[in-house]
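Open the model in your viewer and keep the selection tool ready. Here is a short tour, stop by stop.

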Amino acid sequence: MFAQFMPDRDPVTPVQHLAPDGTLTDGVVASMSDEEALDALRWMMLTRIFDTKAMSLQRQGRFGTFSQVTGQEATIVGSASALDPAIDWVVPQYRELPALLRQGLPLEQFMLYFMGNPAGGQIPEGVNVLPIQISLAAQIPQAVGLAWGLQLQQTGGVVVVYFGDGASSEGDFHEACNLAGVLKAPVVFMLSNNGWAISTPRHKQSRAKNLAARAPGYGFPGVVVDGNDVLGVHSVTSAAVARARAGDGPTLIEAITYRMGPHNTADDPTRYVSEGDLAAWRPLDPIERVQRYLAARGRWDDTIRARIEGELAREVDRALAVARAAPAPNAAQIFEHVYVDPPATLCRQRGARLESLA
Ligand SMILES: Cc1ncc(C[n+]2csc(CCOP(=O)(O)OP(=O)(O)O)c2C)c(N)n1
């Protein structure tokens with residue numbers, strides 16, 4: 001199954017704690033309590049429900065271009081749940097909704113962004129996340145800078161920065177790794193290898209035997225994990241966070257997962273993703289895997305599913321109602337919340353724009 005992500009030579013076996021049938025792999029102690037696994041499952045299910053809603057809102061013209069998480073929920077939730085939102089930071093690409101929510105970003109705030117309201121890009125005070133980044137890999141050096149700042153301030157905080165296999169081919173990724181290695185910055189590089197950079201497959205992305213294998217070249221460890229296994233991802237991320245917090249520097253985690261939907265709402269994956277690949281990945285669904293695990297422990301059944309699905313659907317509807325009731329955006333807003341003291345050129349542009357509208 002993992003072979004398609006790696007060139008023929010010397011494949012690694014990804015770390016796996018939870019097998020697709022929901023059983024723990026031999027000798028493994030679960031990295032989460034049942035309560036924590038249930039909590040992780042809720043975040044994963046909320047994300048899936050939101051994805052469906054967001055796709056339909058986009059088709060109705062109420063949402064802009066949107067990238068779903070579907071299929072990758074364990075990678076994002078397993079890693080984010082290794083963080084302490086009070087001191088740790090999440091630096092996203094654009095496919096990490098549950099990590100942002102777990103850090104405390106309100107769902108309605110996330111929705112406003114996709115409704116074209118500049119208020120959606122304004123992160124509330126005290127929520128330790130950076131805004132979504134569309135320019136590939138630009139967030140990675142920024143994350144290292146943030147981690148360096150936390151190191152200097154001795155806050156004990158760690159930064160987890162998310163990006164894809166495609167972004168890992170950008171120069172920014174390599175420069176960021178180099179600097180992080182030199183500084184021993186408290187950062188975890190979370191590479192979601194979902195098989196695709198839009199329509200470019202992993203095997204055209206790099207000759208490296210696996211993408212985590214690049215880390216030792218920068219002086220820190222790389223680990224490959226089954227990205228559809230929330231317990232495995234949680235375990236390797238917890239170890240990487242502990243390492244960073246102890247002052248031992250960065251880790252690169254490559255989570256092997258699969259993008260089960262389009263790249264975004266503007267994409268037609270039927271032109272390049274084979275039905276056979278999707279069929280092979282369907283039984284590896286990260287949400288069903290945790291459900292099987294919890295069912296075997298007496299913590300999951302159809303009654304609990306119906307209750308939780310109802311609660312989550314209501315939560316999405318509530319957030320949508322709040323986002324819809326938000327004040328309409330105005331032209332001045334796009335100049336706000338970037339600088340404390342805006343530079344003179346920006347002030348001039350703002351003045352000219354408002355004058356032309358008046
Ligand atoms: C600097 C830059 N180049 C190109 C693009 C266009 N683009 C948007 S998403 C994408 C693919 C990204 O793939 P990956 O990093 O693997 O993330 P995924 O979308 O698969 O999660 C590309 C090429 C961009 N946004 N920024």
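Select I253. Leaving out residues up to four places away in sequence, I253 touches V188, F189, M190, L191, A212, V223, V225, V236, T237 and A240. Touching, or contact, means that the C-beta atoms of two residues, placed from the backbone, lie within 7 Å. This is a predicted model: local features need pLDDT of at least 70, side-chain atom pairs count only at pLDDT 80 or more, and totals for chains, interfaces and linings use all residues. Numbering starts from 1 along each chain as its sequence is written.

Buried means 20 or more other C-beta atoms within 10 Å of a residue's own, exposed means 12 or fewer, and partly exposed is in between; C-beta atoms are placed from the backbone. Helices (H or I, at least four residues) and strands (E, at least two) are DSSP runs numbered from the N terminus.

Next, show helix 1 with helix 10 (residues 302–324). They pack at an angle of about 55°, with their axes 10 Å apart. Axes are lines fitted to C-alpha atoms, for helices over the stretch in contact, and angles run from 0 to 180 degrees between N-to-C directions. On the helix 1 side, pick R42, M45, L46, I49, F50 and K53; they meet I308, E309, L312, A313, E315 and V316 in helix 10.

Move to Q291, in helix 9 (residues 286–296). Is Q291 buried or exposed? Q291 has 20 other C-beta atoms within 10 Å, so it is buried. Not counting residues up to four places away in sequence, Q291 touches L41 and W300. Draw a distance to A37: the C-alpha atoms of Q291 and A37 are separated by 9.4 Å, though the two are 254 residues apart along the chain.

Finish with two loops. Most residues other than glycine have a negative phi. Q154 has a positive phi, near 55°. Find Q154 in the loop between helix 5 (139–153) and strand 2 (159–164). Q154 counts as exposed, with 8 C-beta neighbours inside 10 Å.

K184 also has a positive phi, near 50°. Look for K184 in the loop between helix 6 (171–183) and strand 3 (187–193). K184 is partly exposed, with 18 other C-beta atoms within 10 Å.
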